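User: Please go through the assignments in this model. For each one, state the value and the criterion behind it.

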Amino acid sequence: MAAVVLAATRLLRGSGSWGCSRLRFGPPAYRRFSSGGAYPNIPLSSPLPGVPKPVFATVDGQEKFETKVTTLDNGLRVASQNKFGQFCTVGILINSGSRYEAKYLSGIAHFLEKLAFSSTARFDSKDEILLTLEKHGGICDCQTSRDTTMYAVSADSKGLDTVVGLLADVVLQPRLTDEEVEMTRMAVQFELEDLNLRPDPEPLLTEMIHEAAYRENTVGLHRFCPTENIAKINREVLHSYLRNYYTPDRMVLAGVGVEHEHLVDCARKYLLGVQPAWGSAEAVDIDRSVAQYTGGIAKLERDMSNVSLGPTPIPELTHIMVGLESCSFLVSPVWPAQPALPSVPGIRQRSSCGVVPIHSVTLASSRHHWVYNYEDTAPPCIHCPENHHKEFILMGGTVDAVELERAKTQLTSMLMMNLESRPVIFEDVGRQVLATRSRKLPHELCTLIRNVKPEDVKRVASKMLRGKPAVAALGDLTDLPTYEHIQTALSSKDGRLPRTYRLFR
């Protein structure tokens with residue numbers, strides 16, 4: 001026993017033959033390249049001496065990664081993007097949403113989102129659909145926005161034929177039974193009640209800023225179903241809407257991680273010459289209205305101290321959201337400067353799909369910026385509890401070149417990080433092809449971002465500040481400035497309001 005203890009002691013102390021062996025054959029293999037030692041003054045931007053130069057993989061041009069688009073005889077577009085891996089994401093995107101409900105009961109798109117992947121002509125229930133997808137390791141989802149409805153499935157690439165057939169049945173052959181409609185009414189009612197009780201004011205403020213910016217037209221219409229319309233929406237109302245907006249020329253079948261020709265064959269098999277459940281009558285009542293920016297203010301006085309999730313009430317807060325009119329993403333000379341605008345005052349970004357939210361580093365963590373992009377308009381918004389709108393006003397003057405370069409780097413980084421995800425690539429492919437019938441590849445977008453100059457930012461910011469703002473206010477509005485004073489502050493050089501208003505002082 002004593003011999004064992006002595007041997008262990010020698011090993012720990014590094015003495016004896018074991019210790020010599022460890023010193024002789026261990027550390028020297030890497031010690032000279034450590035951060036200390038022989039090269040203490042080499043900066044991180046310089047390569048270490050003696051290290052072989054790395055050799056990176058290359059591709060023969062960009063053609064292997066291009067988005068392929070094929071238009072079928074009925075007008076439906078099929079778009080695919082090559083991506084290696086066992087799984088694929090496939091879905092149908094439709095030019096449909098709450099902005100097209102001006103001639104219908106508001107809330108139809110909300111109902112359709114909840115009714116998605118219910119019983120169809122081939123599947124008796126939602127459970128049967130989920131079991132079919134489960135055989136291919138698949139999941140499904142449906143999302144609606146103001147201008148797009150998206151049905152998507154992620155599954156094993158070997159089950160592509162089954163997935164496309166299922167999607168076609170879900171979109172074109174839904175049963176919409178009385179029981180399913182009644183269950184959807186209950187789900188919508190619960191969501192509306194939850195919306196008013198949530199501590200996060202973002203969904204409600206988003207509705208309010210759109211209502212203020214586009215008063216009673218297109219993207220200003222309610223995305224959520226109004227309470228008074230829940231009982232009025234039935235199968236006939238839904239069919240009248242589907243007949244006009246769920247047509248092949250308004251659809252894109254998009255896939256990521258699939259062979260394009262295989263996807264086109266599946267589209268011809270399941271989506272060409274199929275009669276939908278609402279009949280084959282041609283669309284006769286399409287709303288082609290262009291978004292009309294009006295500006296204005298939407299206010300909701302509310303005590304938000306009782307929405308705390310714990311025993312301590314939330315302090316009384318006033319949530320302010322300010323929006324300004326800008327152009328859509330279709331105006332190529334201008335739109336790359338829009339997402340870079342909020343980044344310029346030296347603040348950081350957090351990636352998100354579909355919007356560009358910005359969080360302040362130096363001023364307040366509760367300030368956000370983002371841009372809503374639509375086919376015919378794009379209102380950049382600022383959500384803040386204090387006077388951080390002044391930073392945006394300063395961009396109408398001199399734009400610091402260093403800050404602009406940092407903003408462009410952050411925006412490029414966010415873009416590339418988002419596009420590492422297969423579902424995000426799918427949505428990007430589908431939305432671009434739906435709006436423009438083609439897709440700009442990431443390297444093209446990065447080139448557009450790099451080409452933004454300080455004068456571009458100044459020109460766009462100055463034009464936006466000359467227009468009428470849209471304002472949404474939620475919470476304690478006792479000290480809220482009048483709309484006229486907010487408009488005057490945004491059009492001034494320093495953004496100051498009268499000192500009587502401590503909210504923006």
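User: What makes E2 and E6 paired strands, and in which sense do they run?

Analyst: Strand E2 (residues 77-81) and strand E6 (residues 251-256) are joined by five bridges and run parallel. Strands here are DSSP runs of E with at least two residues, and helices are runs of H or I with at least four, numbered from the N terminus. The model is a predicted one: local features require pLDDT of at least 70 and side-chain atom pairs pLDDT 80 or more, whereas totals for chains, interfaces and linings use all residues. Residues are numbered from 1 along each chain as its sequence is written, and side-chain values use heavy atoms, with hydrogens and water left out.

User: What is the strand order of the sheet, and which are its edge strands?

Analyst: The order is E1-E2-E6-E3-E5-E4, an open sheet of six strands with mixed pairing. Strand E1 (67-71) and strand E4 (139-144) are the edge strands, as each pairs on one side only. On average, neighbouring strands are turned by 15° against each other, direction ignored. Helix H9 (residues 260-271) lies across E1, E2, strand E3 (87-94) and E6, at about 150° to E2. Such angles run from 0 to 180 degrees between N-to-C directions, with axes fitted to C-alpha atoms, for helices over the stretch in contact.

User: Why is strand E8 called mostly covered?

Analyst: Six of the six residues in E8 (residues 318-323) are buried, that is, under 20% relative accessible area; exposed means over 50%, and partly exposed lies in between (1.4 Å probe, protein chains only). In a regular strand the side chains alternate between the two faces of the sheet. Thr318, Ile320 and Val322 are buried on one side of E8, and His319, Met321 and Gly323 on the other. E8 also pairs with strand E13 (residues 470-475), antiparallel, over six bridges. Gly323 faces Ala470 in E13.

User: What places Val471 in the buried class, and which residues does Val471 touch?

Analyst: Val471, in strand E13, has a relative accessible area of 0% and is therefore buried. Contact means heavy atoms within 4.5 Å. Beyond residues up to four places away in sequence, Val471 touches several others, among them Ile209, Ala298, Ile320, Met321 and Tyr483. Tyr483 is twelve residues from Val471 in sequence, with 7.8 Å between their C-alpha atoms.

User: Why are the buried residues of helix H14 said to lie on the same side?

Analyst: In H14 (residues 442-450) the buried residues are Pro442, Leu445, Cys446 and Ile449. They cover an arc of only 100° around the axis, which puts them on the same side of H14; the arc is taken over the directions from the helix axis to the C-beta atoms. An α-helix has 3.6 residues a turn, so residues three or four places apart point the same way. The buried residues of H14 pack against helix H12 (401-418).

User: How do you know what span to expect for helix H15?

Analyst: The expected span is 1.5 Å times one less than the number of residues. For the twelve residues of H15 (residues 454-465) this gives 16 Å, and the end C-alpha atoms are 16 Å apart, which agrees. Met464 of H15 is buried at 3% relative accessibility.

User: How many disulfides are found, and how far is Cys266 from the nearest cysteine sulfur?

Analyst: A search of the whole structure finds zero disulfides. The sulfur nearest to that of Cys266, belonging to Cys88, is 9.8 Å away, whereas a disulfide needs two cysteine sulfur atoms within 2.5 Å. Cys266 therefore is in no disulfide. At 1% relative accessibility, Cys266 is buried.

Notes:
Pairing = 2+ DSSP bridges.
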